[in-house]
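User: I would like to go through the labels given to this structure and see what each one rests on. Please set values against cut-offs.

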Amino acid sequence: MSAATRSTSRGARSRRAPDRLCAEAVEQARAAAEEAAAPGSVGPWLEAVADPGADRVVTHLFEAQEPGYRGWRWAVTVARASRAKNVTVDESVLMPGPDALLAPEWVPWSERLRPGDLGPGDLLPTDAEDLRLEPGYSGADEPPPDSPVADEQPEARGPFRATIGGVAEEIGMERPRVLSRYGLHAAADRWEESYGPKTPMAQAAPANCVSCGFLVPLAGSLRQAFGVCANEYSRDGHVVSLAFGCGGHSEAAVMPRTPQPPPPVVDETVTDPFGLGRESDLSSEESAPARAEQG
């Protein structure tokens with residue numbers, strides 16, 4: 001560990017008085033910092049700190065004006081040999097101060113991963129000892145020791161379909177691992193928290209999902225508590241609790257039928273004659289005075 005690293009750690013300050021000649025080498029330390037830093041990024045001198053574990057070793061601290069390094073400091077360690085008057089530069093380094101802006105602590109990817117982070121092309125490896133999974137079948141291809149075929153040669157035991165793995169693959173159970181009870185309960189807890197009866201949506205819903213026509217029940221033991229929402233305007237494709245609810249319930253607000261106008265009434269008891277041409281119109285006009293005289 002260097003002198004600068006030992007002397008400028010947070011909360012660690014030496015009470016030893018710095019060596020006079022090393023403490024006076026401010027400009028020499030500044031020149032060394034400017035040589036290592038970008039032009040114009042070495043700020044004012046802050047202090048000189050004596051190394052607690054060595055004599056005649058002093059670290060000069062300068063304010064760092066690097067973009068993005070708020071609170072950082074340039075630390076230049078100088079030293080001189082015993083009975084010598086020449087001060088030499090040991091090292092120059094950029095170090096964080098007590099109030100420096102630091103990056104967050106490194107966290108392994110397995111702890112940084114959050115739901116929804118997996119994108120197209122990403123691979124998420126699963127631990128072989130993952131507690132959420134358990135063997136899908138025993139995979140014990142070898143017969144028991146007391147079996148009549150225990151001493152037979154492998155080629156005499158029949159085709160692959162006679163083994164447990166072969167039968168499992170034939171009936172569609174070729175998955176090496178399935179959800180364990182722990183994985184099942186963990187998934188149920190997440191679904192209950194996201195789409196359960198305690199959510200604000202369920203609290204304001206007119207009815208529960210258990211009576212909704214858009215609910216597609218799950219299979220197995222999860223059928224007793226969960227289903228998949230098939231309402232495209234609500235929680236389409238999400239696993240919801242049977243006690244969940246929303247305003248899109250199929251029976252909560254049934255839209256009334258559009259009123260239809262009544263059929264037209266046609267009076268077929270009286271007919272009105274209509275002329276088919278101009279001659280009939282003229283004859284009607286000529287016969288009008290005759291009808292008037294008769295009347």
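Analyst: A search of the whole structure finds 3 salt bridges. This is a predicted model, in which local features need pLDDT of at least 70 and side-chain atom pairs count only at pLDDT 80 or more, while totals for chains, interfaces and linings use all residues. Residues are numbered from 1 along each chain as its sequence is written, and side-chain values use heavy atoms, with hydrogens and water left out.

User: What makes Arg80 and Asp19 a salt bridge?

Analyst: The term requires a side-chain nitrogen of Lys or Arg within 4 Å of a carboxyl oxygen of Asp or Glu. For Arg80 and Asp19 the N to O distance is 2.9 Å, so the pair meets the definition. Arg80 lies in the loop between strand 3 (72-79) and strand 4 (88-96), and Asp19 in the loop between helix 1 (3-7) and helix 2 (20-23), so the pair ties together parts that are 61 residues apart in sequence. Helices (H or I, at least four residues) and strands (E, at least two) are DSSP runs, numbered from the N terminus. Both Arg80 and Asp19 are buried, a word that stands for under 20% relative accessible area, with exposed being over 50% and partly exposed in between (1.4 Å probe, protein chains only).

User: How do you know that Arg20 and Glu24 are exposed?

Analyst: Arg20 has a relative accessible area of 54% and Glu24 one of 52%. Each value is over 50%, so both residues are exposed. Arg20 and Glu24 also form a salt bridge, their closest N and O atoms being 3.5 Å apart.

User: Why is the contact of Arg73 with Glu47 called a salt bridge?

Analyst: Their closest N and O atoms are 4.0 Å apart, and the label is therefore given under the salt-bridge rule. The pair links distant parts of the chain, with Arg73 in strand 3 and Glu47 in strand 1 (residues 42-50), 26 residues apart. Arg73 has a relative accessible area of 10% and is therefore buried.

User: Why is the aromatic pair of Tyr69 and Trp72 called edge-to-face?

Analyst: Rings of Phe, Tyr and Trp (its six-membered ring) pair if their centres lie within 6.5 Å; planes under 30 degrees apart count as stacked, over 60 as edge-to-face and the rest as tilted. By this rule the count comes to 3 aromatic pairs. The ring centres of Tyr69 and Trp72 are 5.1 Å apart and the planes stand at 85 degrees, so this pair is edge-to-face. Tyr69 is partly exposed at 35% relative accessible area, whereas Trp72 is buried at 17%.

User: What makes Tyr195 and Phe244 an edge-to-face pair?

Analyst: The centres are 5.7 Å apart and the planes form an angle of 85 degrees, so both conditions hold. The pair links distant parts of the chain: Tyr195 is in the loop between helix 6 (181-194) and helix 7 (200-203), and Phe244 in the loop between strand 9 (239-241) and helix 8 (278-294), 49 residues apart. Tyr195 and Phe244 are both buried.

User: How do you know that Leu124 is partly exposed?

Analyst: Its relative accessibility is 43%, which lies between the cut-offs, so Leu124 counts as partly exposed. Leu124 sits in the loop between helix 4 (109-112) and strand 5 (133-135).

User: How much of the chain is buried?

Analyst: Buried residues make up 25% of the 295 residues in the chain. The chain has 8 helices and 9 strands.
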